[in-house]
Amino acid sequence: MKSLHAQGSKLADSQQQLDILAHGAATMDAFTLIPFQQKIEQIGLYPLQPTAMNIFQVNLGKMCNQVCRHCHVDAGPDRKVIMTRETMQQCLEILQLHPNFTTVDLTGGAPELNPDFRWFVDEIRKLNRHVIVRCNLTIILANKRFNDLPDYFKSHSIEVVSSLPSYTRDRTDRQRGDGVFEDSIKALQLLNSVGYGIDGTDLVLNLVYNPAGAFLPPAQQALEKEYKAALGKDFGISFNSLYTITNMPISRYLDYLLQSGNYEKYMEKLLGAFNPAAAANVMCRNTLSVGWDGYLYDCDFNQMLDLKVDCTAKHVSMFDATALANRHIVVNQHCFGCTAGAGSSCGGAVTQ
Amino acid sequence: MDNNHYYNASDLGKFGKIADYQQPLADKFFGWYGEVFADGALTAREKSLIALAVAHAVQCPYCIDAYSSDAYEKGYNEAQMMEAVHVAAAIKGGAALVHGVQMMNKVKEIAM
């Protein structure tokens, strides 16, 4: 499987995705939903504004060893764009000046594929910030030079967050590619062997569930129990928390929805499950997202739709904390993904 | 719209509208329904699979639509879901067949 970009798909263009979200796929106004903006106006949340800026999420590039069917980044081995050390340096300067960013969340692609990944992590840790790495697990086994990642993570007290869409092989491989389940299990066992996810250590290993299909995640707490029981029994694996994340109707998941004829029903399902409490807790209110090229976004999804922050500080080189704190968060129809049911964020459900 | 049929998939989404004609009873029903399907002595997940089987036994297309999605969302796989349908079918088949004993009793009663 290739990325949409490599296939020359029209969905590789973010404007095309926004057009579909606004008007439907077939013809102009073939399918329209109530605008998200209007929906949050009704509950007094518009304009949506930040409540804090605690999480500095950095996308280190679209390069990845996997090609997952639902990937909102359209990442893959054929995507070469990655963050330069110069841009990383600009991020470090921002972190140094703004201690309010207590957590740095590194994502991709596979962030470890960026040749400056370890240098960047070393420098962030020198600034004494909590670091999350969104590790796809299989990268640990993809090449000898990554085999020591569990030890590296441990020595830098990194929190590891990894996708595993099911505790069964079938569903995992359907979403993430053949053989991914087996390698993910091996990688989880390696992380466990150095202490990650083990009671009594402070090495945090969290897993992420994404639905492998056109449906919403089940209740996070109940699913966590099932994961713990199944992974413990079948593979002796333990972990800390499970995050359930709703798939956003953008990029490759949008492509899947359109190809499978599920797009309209899925959007209606998201709208039908709109939860005002989840809307109040959306992650864009306490997160700032940095693209591989240094541009700033309200979240990783806006980043993929090329919807930059709505203020003067659009790039790390123009960082302005006041302007960013007072900005209006850019919303669009994909935002229904974060407000459905128990809500969804990079840290899982946002309501009980 | 073609109305010359009894079932319409979009009607499932209108289930809540039954309250338009009788609010207090609908409130009681939906409140009770929600509690029935919450985690209890059985998990919500287990209840979903029971509901899927019962949906087939009562042959309710709305219920089959709802609980095929719900059971799959809650992590059951295709084989497990089909086995649940077989359980429903086996009970329905068995229910018909066990009455064969009643037939035999009657025949024995009247036959020379």
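Predicted model: local features only at pLDDT ≥ 70, side-chain atom pairs only at ≥ 80, totals over all residues.
Biologist: What is the mean pLDDT of chain B?

Modeller: The mean is 95, and 98% of the residues of chain B reach 70 or more. pLDDT is the predictor's confidence in each residue, from 0 to 100. For the model, ipTM is 0.78 and pTM is 0.92.

Biologist: What makes the pattern of chain B α-α-α-α?

Modeller: Chain B has four helices and zero strands. Read along the sequence, that gives α-α-α-α.

Biologist: How does the radius of gyration of chain B compare with that of a compact globule?

Modeller: The radius is taken over C-alpha atoms, and the globule rule is 2.2 Å times the number of residues to the power 0.38. For 112 residues a compact globule would be near 13 Å, but chain B has 19 Å. The C-alpha trace spans about 60 × 35 × 30 Å along its principal axes.

Biologist: Why is α4(B) said to lie largely in the open?

Modeller: A residue is buried if 20 or more other C-beta atoms, placed from the backbone, lie within 10 Å of its own; 12 or fewer makes it exposed, and in between it is partly exposed. Of the 33 residues of α4(B), one is buried, so the helix lies largely in the open. Across chain B, buried residues make up 12% of the 112.

Biologist: Which residues of α3(B) are buried, and what do they pack against?

Modeller: B:Tyr67, B:Asp70, B:Ala71 and B:Tyr72 are buried. The buried residues of α3(B) pack against α2 (44-57) and α4 of chain B. Contact means C-beta atoms, placed from the backbone, within 7 Å. After α3(B) comes B:Gly75, with a positive phi near 105°.

Biologist: What makes a nonpolar core?

Modeller: It is a set of buried Ala, Val, Leu, Ile, Met, Phe, Trp, Tyr and Cys residues joined through C-beta atoms within 7 Å. The largest has 100 residues, and those touching the most other members include A:Phe56, A:Val58 and A:Ile250. Helix α9 (residues 180-193) of chain A gives this core its largest share, six residues. A second, separate core of eight residues includes B:Leu49, B:Ala55, B:Tyr67 and B:Tyr72. In soluble globular proteins, nonpolar side chains tend to be buried together.

Biologist: How many residues does each chain bring to the contact?

Modeller: Chain A brings nine residues and chain B brings 10. The chain A side has six nonpolar, one polar and two charged residues. Ala, Val, Leu, Ile, Met, Phe, Trp, Tyr, Cys and Pro count as nonpolar, Asp, Glu, Lys and Arg as charged, and the others, Gly among them, as polar.

Biologist: Are A:Asp74 and A:Asn128 buried or exposed?

Modeller: A:Asp74 has 27 other C-beta atoms within 10 Å, so it is buried. A:Asn128 has 9 C-beta neighbours inside 10 Å, so it counts as exposed. Phi is positive in A:Asp74, near 55°, and in A:Asn128, about 60°.

Biologist: How do you know that A:Ala52 is exposed?

Modeller: A:Ala52 has 12 other C-beta atoms within 10 Å, so it is exposed.

Biologist: Where are the peptide bonds that are cis?

Modeller: One runs from A:Tyr46 to A:Pro47, with omega near 0°. Another joins A:Gly108 and A:Gly109, with omega about 20°. Most residues other than glycine have a negative phi, and most peptide bonds are trans.

Note on methods:
Residues numbered from 1 in each chain as written. Chains lettered and ligands numbered in written order. Helix = DSSP H or I, 4+ residues; strand = E, 2+ residues; numbered from the N terminus. Contact = placed C-beta atoms within 7 Å.
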